[in-house]
There are 2 protein chains.
Amino acid sequence: MATLITRTGQSIDRQALESMLRRRMFYTPSFEIYGGVAGLYDYGPPGCSLQANLIETWRKHFVLEEDMLEVDCSVLTPHEVFKTSGHVDKFADWMCKDPVNGEILRADHFVEAVLEARLKGDKEARGIKADAVEEEDPKKKKKKHKSVAQRLDDAVVKEYSEVLAQIDNYDGEALGQLIKKYELKNPTTGAQPSDPMPFNLMFQTKIGPASNAPGYLRPETAQGQFLNFAKLLEFNMQNMPFASASIGKSYRNEISPRAGLLRVREFLMAEIEHFVDPSGGKKHPRFPEVENVELTLLDKHTQLSGSTETRKMTIGQAVKDKVVDNETLGYFIARIHLFFERVGADLTKVRFRQHMANEMAHYACDCWDAELLTSYGWIECVGCADRSAYDLTVHQNKTGAPLVVRQILTEPVVERMWVPEIDRKKFGPHFKKDGRVIAEVIEALDQAQLEKFKKDVDDTGSFTVDVPAIKDGKATVTRDLVNINFQTITKHSREYTPNVIEPSFGIGRILYSLLEHSFWTRGTEGGDEARGVLSFPPSMAPTKVLIVPLSKNDEFSPLARKVGHKLRQLGISSRVDDSGASIGKRYSRNDELGTAFGITIDFQTLKDGSVTLRERDSTRQVRADESRILEAVQSMVNGHKSWADIEAELPKFEGQEVEVQVR
Amino acid sequence: MATLITRTGQSIDRQALESMLRRRMFYTPSFEIYGGVAGLYDYGPPGCSLQANLIETWRKHFVLEEDMLEVDCSVLTPHEVFKTSGHVDKFADWMCKDPVNGEILRADHFVEAVLEARLKGDKEARGIKADAVEEEDPKKKKKKHKSVAQRLDDAVVKEYSEVLAQIDNYDGEALGQLIKKYELKNPTTGAQPSDPMPFNLMFQTKIGPASNAPGYLRPETAQGQFLNFAKLLEFNMQNMPFASASIGKSYRNEISPRAGLLRVREFLMAEIEHFVDPSGGKKHPRFPEVENVELTLLDKHTQLSGSTETRKMTIGQAVKDKVVDNETLGYFIARIHLFFERVGADLTKVRFRQHMANEMAHYACDCWDAELLTSYGWIECVGCADRSAYDLTVHQNKTGAPLVVRQILTEPVVERMWVPEIDRKKFGPHFKKDGRVIAEVIEALDQAQLEKFKKDVDDTGSFTVDVPAIKDGKATVTRDLVNINFQTITKHSREYTPNVIEPSFGIGRILYSLLEHSFWTRGTEGGDEARGVLSFPPSMAPTKVLIVPLSKNDEFSPLARKVGHKLRQLGISSRVDDSGASIGKRYSRNDELGTAFGITIDFQTLKDGSVTLRERDSTRQVRADESRILEAVQSMVNGHKSWADIEAELPKFEGQEVEVQVR
């Protein structure tokens, strides 16, 4: 049974939250009346609004704060692009097939589930009560396997635990060996599944009518940003460093999606590509602003040693100690932490976990995941990867388009180096239409390659260079076409391929985690069923204000509409609830929706224009003139004031809610 | 050559605008360094921001103003859903193939292009100069065909014109007949293309790993809203009428996309589904608020008579005269008109055109397109369709889920009718797991079906009912399980399937049209090249304020940053341009970006804290304290004040721009 520990210290069955979220239509399985499709969800009105607030906060916190260049790129992407980026060959999970019933299993999840079930059985046999959260699912969202109470050797327990601590570090072959070594069987059939095979996670389609033009739905927004690099640099008037950003849907054909919003096939991402000069240690000018931010870290060495123990550290210290590689990576990690604070995450349930070598995506050279603790275990919500120059380099090599920065040097640099001199008059006619791309490849050769080719020319009179873009894939170049010399060169500019630091946010996962972090229940005095509350910060609440006419009195209605209209003018969303339900019921419904405030219109309002303002979490109220109340709401929604400030400023009010309930 | 007539009355080659938009990165072909893919575009920073402002205004104008229930549904959709909705069978364009070179042509565009080329040739032969806009492309975005000066009979000219006026009204067979009758040939090869074949416009993919589960990318957001109808009604506490809304990407595999942003394969839509009780004439409570809005209308009768002449009319009159069918449809048509006004469309270039019978989508019973005039001709930007009860009915019939409203009647109604009485005790055990869905189907049978089945039971002892959701597809029900009787029933409630009015917005098309409507050029005094300006309303401008330090003086920089910071606090986007370029150059760049205002920091600012404020269109300036200037900007961005108001309030300033240019 999955349990969540609320911020108020309550231990609550996850089902209570999920049934409330369904009832209030935060989200719902897509196509449910057709039986649904695994891994696809629709957001209802409150979920949609929560998502919009999360995106808006993200845009303010990252894009506007740092003048990032936001772009919106195509989801449909031709084969060639993902072939070059490596996704066609490497963007895969390992799957095995059950030989008996044909069931398809994700290999790592399967190994994890069986070993965990065995460990649990061992605990039962030893009479140890398992911890509720740990037991369910330390990280992955796999099918639960039933445990059988059976004691294991101490050495075996240790071995299993060590395997589990680095489960993300195994490739297909290693997973296959684990399956054989530990004789892992699918509990449904008792059979051992097949050897793991790679399954590409991209959705494929065809673009155009007659088309033999295969395309994919992008699995990340990043490539669109890389392909536009040269234009973005131009738009930024050649200034470096800079970041682009993009918010949009991406798609991954998960093998067996489970766990609600946490592992889905269609999801909203918000990604930043920060382009930085790799020379000079990737310093960041605003790093001092964040160096004292304290983080909870779990580095790769700790995990490889078989432990998941975290440590607390300021980001300044972490960069100084080389736990985090450089300032720019560190800066974004700290900014991500501050973002979580701003949107209302429980900071005791946030950690940053470094990827182990084999776990890393094919393009990354270092990566930290920001993880949020939920009843499903620790969930990767943001990946913060250093993609180095990988993407820009492969796209430039493939297309010949210069994805580089040319920096004017303040002082010219004199160097001795190998230089290829192309005899244009002969070169062009010799290679014809391939000439341009071959020349580009030659001009992009590095010093080691040039030195080798110089030797080839001296030995054989020619050298052969790989040119993937032409028909033969390579070109043989004779001495009369290109001459390679060691020369003294005075450089007035330098050309480099920027490195990319990429913070990549899974909006749906953050949203779900925030729902868990915000949820708690309060008992009612009468001992009724506990009532759910979602304690979002006012800026995040799907609806900011519930407007409640005390009763169905005709005079209240126009006043309620007027308050709603004024709030709309201030850009604050509100709803009028003039149903006949009791005030208590109406507030209760809106506590479940996370509505931050309530404004009640009553008989006193008719007399003196005053209204009451109720705060969701404390249920306490103040009373004042409508205009002062609206001002108070605005200042809290903008984050300029807290409820405590407002309570100190305005007279307390006690009454309706209880009165009406008693009536 | 395509010409656009600007709001200032200038006649400008479209290329001038497009090259400016490319240079300023409003949008750019996706994957351009890979050669691009037809019909796919990326938005760069100003385009992305313009799109965000358009969406935000849409959300305020429609969703917030009318308390619509916004949802965000999956793009990936299983086959079954679009099979039921009719899209698998009917969502197609007609294509023909050139037998010589295999070129694929969209049949209607091909017919249109050849006939237009002939008409143009006729005009040339008669010595009539063709009108620039008309000539290019009256409505569709097809390949241009070269005209040959050749005189036609007057009767033939008339016939061609009549065909063109109703080109959208032909189906594949009729288009094939036109091709044969008029001997239309592909100018590239001189060959007559094949008979038109339907080509389904949905992108297909597979969902899941082992999958024989085909799926599609949705071609509209609507279905997700229909499938959630029952939950949305529940969320709205059973109140009718109400509307849902959705903003998201949709996909159509266009046969031959052309014309930039106007015919693309991936596009952002904003759709409203307004659910209304069909009894009572589809009245709308807020219709009086809009009845005096004057519109330019082109109804179906006019088009079928071979004319495209519009008439001006208030929406009140149009509904009264039954030109527009009902108040709800009329209300939304008027609201769309007001939306265009709010986002800065040129209202002299807006018309509403009614669909002809064959042109209508398979689900619609009436439809008006809001069209904007551009250099490509009249462009459908919003479709406002009455989808009647089509979608809810077909989905309910297919799934058995009740997509209906149950209305409590204030006075009970007594009726005699056929009623099926299910013997639950026997029925459940007999049909086992299929029992529930079979019972739902029986309960949803209409009177005619019940009467027929009653006869079957009397004749044979049983009846057989279609139940697509179960394995056999049908169930045989014996007399002992269900008894059908003619009874007197007192109804306290009534059940109905709501009708749907659907305003559906193509955001990319609106965005492009606004770019054309906003563009003009101004000459420079020195007689330089004309400089482009994009006159967006302040609320729509991608960046609201350019902050310009007069020169590279070190004291200006912190002041510029401070102004930027204060604007950010007010939620207003700004950019600092502290490049060394002249003030004139810097403003000129931002006129092209449509930046609404400029704030200049100069030596006077250091002395007294005053700054100047420049308005983009007039280039006039005022000067005042920084705080008053920021207040002025805020009031104009919010739409509370105009530039004329500000000029009346604050002292005029003349100087820098000219001075610096002269220097």
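Center on C73(A), which is in no disulfide; its nearest cysteine sulfur belongs to C48(B), 8.3 Å away. C73(A) is buried, at a relative accessible area of 2%; buried here means under 20% relative accessible area, exposed over 50%, and partly exposed in between (1.4 Å probe, protein chains only). Now hop to C384(A), also without a disulfide: the nearest cysteine sulfur, on C367(A), sits 7.4 Å off. C384(A) is buried too, with a relative accessible area of 1%.

A word on ground rules before moving on. This is a predicted model, in which local features need pLDDT of at least 70 and side-chain atom pairs count only at pLDDT 80 or more, while totals for chains, interfaces and linings use all residues. Residues are numbered from 1 along each chain as its sequence is written, chains are lettered from A and ligands numbered from 1 in the order in which they are written, and side-chain values use heavy atoms, with hydrogens and water left out.

Of the 663 residues in chain A, 57% count as buried. Among contacts in chain A with a separation of 6 or more, 69% come from residues 24 or more positions apart, contact meaning heavy atoms within 4.5 Å.

Next stop: helix 17 of chain A, residues 435-443. Pick out G435(A), V437(A), I438(A), A439(A), V441(A) and I442(A), which are buried. What covers them? The cover includes strand 19 (405-422), helix 16 (424-431), strand 20 (462-466), strand 21 (474-478) and strand 22 (482-496) of chain A.

Now try two serines. S194(A) lies in the loop between helix 8 (172-181) and strand 9 (197-200) of chain A, and is partly exposed at 29% relative accessible area. Leaving out residues up to four places away in sequence, S194(A) touches C96(A) and K97(A).

S610(A) is in strand 29 (residues 610-615) of chain A and is buried, with a relative accessible area of 5%. Show side chains and look for the 2.8 Å polar contact joining S610(A) to R623(A). A polar contact is a pair of N or O atoms within 3.5 Å; within protein, one must be able to donate a hydrogen and the other to accept it, and residues adjacent in sequence count only if both atoms are side-chain atoms.

Finally, bring chain B back. Which residues meet? Select 75 from chain B and 74 from chain A. The area buried between the two chains is about 6300 Å², 62% of it from carbon and sulfur atoms; buried area is the accessible area (1.4 Å probe) that two parts lose on being put together, summed over both.

Look for K231(A) and E32(B), a salt bridge whose closest N and O atoms are 2.4 Å apart. Between chain B and chain A there are 6 salt bridges, each a side-chain nitrogen of Lys or Arg within 4 Å of a carboxyl oxygen of Asp or Glu. To finish, highlight helix 2 (residues 45-64) of chain B, which gives 5 residues, the largest share of the side of chain B that touches chain A.

Methods. Helices (H or I, at least four residues) and strands (E, at least two) are DSSP runs, numbered from the N terminus. A disulfide is a pair of cysteine sulfur atoms within 2.5 Å.
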